[in-house]
Amino acid sequence: MTRVLQAMAGAPVGGAENFFTRLVCALARRGLEQHALIRPDAAREAALAAAGVAVDAAHFGGMLDFASGRIFRRAIDAFRPAVDSRGYLTLN
């Protein structure tokens, strides 16, 4: 099974953010195993979790953001998305 890590550093409300949530949920319904990294947003986290998608929240930058990099590395190491050594998606 292909494993895809999705990331979206969006605003609380917006077209791209709503599309991201709908897309990830639709892909989950089709059986794609995913892990989402998003900015903290209770409604988005709940929608993704309800679709069976694991979610981690990070602040995605800023001068004093020392945690986001660790959150990303931990999620990538634990989830092990399907990418090759060049960072390209690998399909089974």
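**The middle strand and its surroundings**

I start with β2, because 5 of its 6 residues are buried, so β2 is largely enclosed by the rest of the structure. Buried means under 20% relative accessible area, exposed means over 50%, and partly exposed is in between, with a 1.4 Å probe and protein chains only. Helices (H or I, at least four residues) and strands (E, at least two) are DSSP runs, numbered from the N terminus.

Before I go on: this is a predicted model, where local features need pLDDT of at least 70 and side-chain atom pairs count only at pLDDT 80 or more, while totals for chains, interfaces and linings use all residues. Residues are numbered from 1 along each chain as its sequence is written, and side-chain values use heavy atoms, with hydrogens and water left out.

Now the sheet. What is the order of its strands? The order is β1-β2-β3, in an open sheet of 3 strands with parallel pairing. β1 and β3 are the edge strands, each pairing on one side only. Two strands pair if DSSP finds at least two bridges between them.

Strand β1, residues 3-8, runs parallel to β2 and is joined to it by 6 bridges. Leu5 has His35 in β2 as its bridge partner, and Ala7 stands opposite Leu37 in β2. From β1 the chain crosses through α1 to β2, in a right-handed β-α-β crossover. Right-handed means that, with the strands pointing away from the viewer, the path from the first strand over the helix to the second runs clockwise.

On to β3, residues 54-57, which pairs with β2 in the parallel sense over 4 bridges. Leu37 stands opposite Asp56 in β3. Here the chain crosses from β2 through helix α2, residues 42-50, to β3, and this β-α-β crossover is right-handed.

Last, the core. A nonpolar core is a set of buried Ala, Val, Leu, Ile, Met, Phe, Trp, Tyr and Cys residues joined through side-chain atoms within 4.5 Å. The largest one has 9 residues in all, including Met8, Phe20, Ile38 and Val53. α1 (15-29) and β2 (33-38) each supply at least two residues of this core, and α1 gives the most, with 4 residues.

Which residues does Val53 contact, leaving aside its neighbours within four places in sequence? They are Val24, Ala28, Gln34, His35, Ala36 and Leu48, where contact means heavy atoms within 4.5 Å.
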